[in-house]
Amino acid sequence: MDRLLYALSLLGVIVSACSGALTAGRRKLDWLGVLAIATATAIGGGTLRDVLLGRYPIFWIRDPNYIVASLAAAVGTLLVTRFGKPPRMALLIADALGLAFFTISGAQVTESLHSPALVVVLMGAITGAAGGVLRDVLSGETPLLFREGELYGTAAIAGAGIYLLAEQLGWPTSRAGLLGMAAIAIIRFAAILWRIRLPIFHIADED
Amino acid sequence: MDRLLYALSLLGVIVSACSGALTAGRRKLDWLGVLAIATATAIGGGTLRDVLLGRYPIFWIRDPNYIVASLAAAVGTLLVTRFGKPPRMALLIADALGLAFFTISGAQVTESLHSPALVVVLMGAITGAAGGVLRDVLSGETPLLFREGELYGTAAIAGAGIYLLAEQLGWPTSRAGLLGMAAIAIIRFAAILWRIRLPIFHIADED
Amino acid sequence: MDRLLYALSLLGVIVSACSGALTAGRRKLDWLGVLAIATATAIGGGTLRDVLLGRYPIFWIRDPNYIVASLAAAVGTLLVTRFGKPPRMALLIADALGLAFFTISGAQVTESLHSPALVVVLMGAITGAAGGVLRDVLSGETPLLFREGELYGTAAIAGAGIYLLAEQLGWPTSRAGLLGMAAIAIIRFAAILWRIRLPIFHIADED
């Protein structure tokens with residue numbers, strides 16, 4: 001069980017590092033810059049989670065395997081993309097999986113501190129979204145989180161909510177977590193494939 | 001007295017959430033994106049204050065009322081602006097009040113840790129300005145803090161200084177705090193209404 | 001020895017404040033905005049280091065001399081540039097020295113917590129680069145860290161690595177630290193003067 005959680009968080013770091021390398025690779029950066037952005041994407045969300053919760057030492061200082069996994073994934077992405085263009089969907093899939101893993105992991109850590117549901121959902125969404133926002137800001141792109149019709153925050157909030165709900169219904173934590181992750185990935189894919197959207201909100205200024 | 005401080009900090013969160021919703025509403029975001037930016041604006045400054053001071057659990061994890069107040073204010077702003085354009089001044093007034101509340105609250109918390117005056121003023125200004133900077137960065141606008149002639153940082157620093165001075169002169173903390181807040185709001189309004197400015201500093205490069 | 005470290009970290013704050021004032025001075029900001037960006041540049045990296053490591057109180061709250069040094073350096077820069085254009089190299093030299101000081105200081109603090117080498121190098125590079133990134137983001141410029149051919153991160157990582165290596169070879173900490181700083185400054189100067197570069201990595205999208 002704890003092993004499953006550990007394996008999933010390593011997997012989250014790995015897919016996030018891939019998404020970071022793929023985003024940074026579209027800009028003309030030297031390979032060290034690509035590694036830097038990939039690492040920041042991979043550890044950004046969890047770092048913010050640990051700092052906001054005051055969990056010291058933060059996860060990648062306590063366990064440097066996360067840094068190793070992140071660097072290996074980024075180098076792997078660089079090598080693979082040498083030999084062929086990555087499919088356009090690769091970035092979106094890696095990003096959706098990273099969002100799914102980190103949102104549920106952020107929610108679970110916060111839950112273990114006996115926080116109320118609202119705080120658990122919010123910390124899950126922050127943990128999930130922060131890595132991708134950092135990646136896009138460092139790469140000079142508009143964060144996916146704030147792009148129209150991406151359902152990015154929606155997916156994170158809905159997934160964390162479904163996770164908590166399933167636990168309330170008596171599901172074991174691990175299965176509830178997998179359900180929450182699946183919900184996040186499915187909502188993101190739905191937004192991308194079928195262009196499902198939330199209503200736009202627009203204020204026109206007086207002038 | 002502690003009650004007054006609590007009421008004021010809730011009020012600070014509320015006006016900041018309104019300013020966040022009004023800023024994000026000018027961009028074409030879905031309503032969840034608007035809520036996200038409003039919440040980030042409302043809790044950003046206080047979160048940075050608590051993290052820099054190492055005060056755990058941070059304020060909105062200790063007391064989720066802040067999240068509830070922030071979401072309610074953001075939803076209220078969305079509803080009100082459905083039925084009519086907000087006056088152009090609404091954003092600037094909400095922003096000025098948020099700056100006033102958070103600067104003094106940041107200064108007061110830091111003071112309670114027996115820090116020297118310089119640190120108290122700096123932490124006040126950081127707490128006050130951070131929410132608005134986060135709001136503008138996430139909305140893709142130049143932060144008010146760095147826009148010419150806004151006297152944004154000046155207002156925060158002057159207000160925190162006046163607060164400390166009034167305390168030195170023997171005023172009770174609550175009245176000194178209200179004086180500091182009034183000073184901040186007045187300086188901001190003066191900058192907006194009468195276009196008072198500080199001298200511009202410009203370096204021309206050799207070339 | 002501890003004295004040398006203290007003197008060097010004050011020097012790091014001072015040169016970083018100068019680089020912040022010179023960068024902010026190119027934008028049309030009032031003088032208080034210039035002071036704010038200079039201070040953020042000077043204390044940004046060390047603040048991030050202390051927050052990530054959970055070292056409370058953070059350095060400039062524990063010792064306000066850092067704030068005094070930073071403000072004095074920024075005011076000095078403003079005064080000097082009143083009387084003549086700064087040479088174009090001034091900014092790049094101040095920035096390189098700041099990167100050198102903060103990278104090694106970040107590495108040394110992390111080392112004292114018995115972290116593995118990979119974490120020491122990463123925290124050194126984060127500490128070194130964060131101030132400059134904050135400076136450039138607040139000034140609305142592309143961070144030097146991500147500009148093509150600057151070898152910015154490379155210099156930080158190489159310098160931290162050389163520092164650790166020299167220690168392994170039995171050098172005393174102070175001399176190993178000076179060697180690491182020299183390596184960082186030399187790599188940055190080499191990148192600027194002789195336009196030495198790392199290979200660019202570029203992914204072309206399918207479409």
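Predicted model: local features only at pLDDT ≥ 70, side-chain atom pairs only at ≥ 80, totals over all residues.
B:His114 is exposed, with 8 other C-beta atoms within 10 Å. Residues are numbered from 1 along each chain as its sequence is written, and chains are lettered from A and ligands numbered from 1 in the order in which they are written.

Let me stay with B:His114. Where does it sit? B:His114 is in the loop between H5 and helix H6 (117–138) of chain B. B:His114 is not a glycine, yet its phi is positive, about 60°.

Now chain A. A:His114 has a positive phi of about 60°, and A:His114 is not a glycine either. Its place is the loop between helix H5 (88–111) and helix H6 (117–138) of chain A. Is A:His114 buried or exposed? A:His114 is exposed: 8 other C-beta atoms lie within 10 Å.

Next, the cis peptides. In chain A, a cis peptide bond links A:Tyr56 to A:Pro57, with omega about -10°. A:Pro57 belongs to the loop between helix H2 (31–53) and helix H3 (59–62) of chain A. In chain B, the bond from B:Tyr56 to B:Pro57 is cis, and omega is near -10°. B:Pro57 is in the loop between helix H2 (31–53) and helix H3 (59–62) of chain B.

On to helix packing. Two packed helices are described by the angle between their axes and the distance between the axes. Axes are lines fitted to C-alpha atoms, for helices over the stretch in contact, with angles from 0 to 180 degrees between N-to-C directions.

Chain A, helix H7 (residues 152–168) and helix H8 (residues 173–193): they pack at about 155°, and their axes are 8 Å apart. That makes H7(A) roughly antiparallel to H8(A). The classes are: under 35 degrees roughly parallel, over 145 roughly antiparallel, 65 to 115 roughly perpendicular, the rest oblique. H7(A) and H8(A) cross with right-handed sense. Right-handed means the near helix is turned clockwise from the far one by less than a right angle; anticlockwise is left-handed.

Who makes the contact? On the H7(A) side, the residues include A:Ala155, A:Gly159, A:Ile162 and A:Tyr163. On the H8(A) side, they include A:Ala176, A:Gly180, A:Ile184 and A:Arg188. Contact means C-beta atoms, placed from the backbone, within 7 Å. By class, the contact of H7(A) with H8(A) has 13 nonpolar, 5 polar and 2 charged residues. Nonpolar is Ala, Val, Leu, Ile, Met, Phe, Trp, Tyr, Cys and Pro; charged is Asp, Glu, Lys and Arg; the others, Gly among them, are polar.

Helix H5 (residues 88–111) and helix H7 (residues 152–168) of chain B pack at about 50°, with axes 10 Å apart. H5(B) is therefore oblique to H7(B). The crossing of H5(B) and H7(B) is right-handed. H5(B) brings B:Leu99, B:Ala100, B:Thr103, B:Ile104 and B:Ala107. They meet B:Ala155, B:Ala156, B:Gly159, B:Ala160 and B:Tyr163 of H7(B). The class count for H5(B) with H7(B) is 8 nonpolar, 2 polar and no charged residues.

Two spots in chain C. C:Ala117 is in helix H6 (residues 117–138) of chain C. C:Ala117 counts as partly exposed, with 16 C-beta neighbours inside 10 Å. C:Met89 is 28 residues from C:Ala117 along the chain, and their C-alpha atoms are 34 Å apart. C:Arg195 lies in the loop between helix H8 (173–193) and strand E2 (200–201) of chain C. C:Arg195 counts as exposed, with 9 C-beta neighbours inside 10 Å. C:Leu151 is 44 residues away in sequence from C:Arg195, and 9.5 Å away in space, C-alpha to C-alpha.

Last, chain A as a whole. How many helices and strands? Chain A has 8 helices and 2 strands. The order from the N terminus is α-β-α-α-α-α-α-α-α-β. The radius of gyration of chain A is 17 Å, close to the 17 Å from the globule rule for 207 residues, so chain A is as compact as a globular protein of that length. That radius is taken over C-alpha atoms, and the rule is 2.2 Å times the number of residues to the power 0.38. The C-alpha trace of chain A spans about 55 × 50 × 35 Å along its principal axes. Of the 207 residues in chain A, 56% are buried. Among chain A contacts between residues at least 6 apart in sequence, 71% join residues at least 24 apart.

Note on methods:
Helix = DSSP H or I, 4+ residues; strand = E, 2+ residues; numbered from the N terminus. Contact = placed C-beta atoms within 7 Å. Buried ≥ 20, exposed ≤ 12 C-beta atoms within 10 Å, placed from the backbone.
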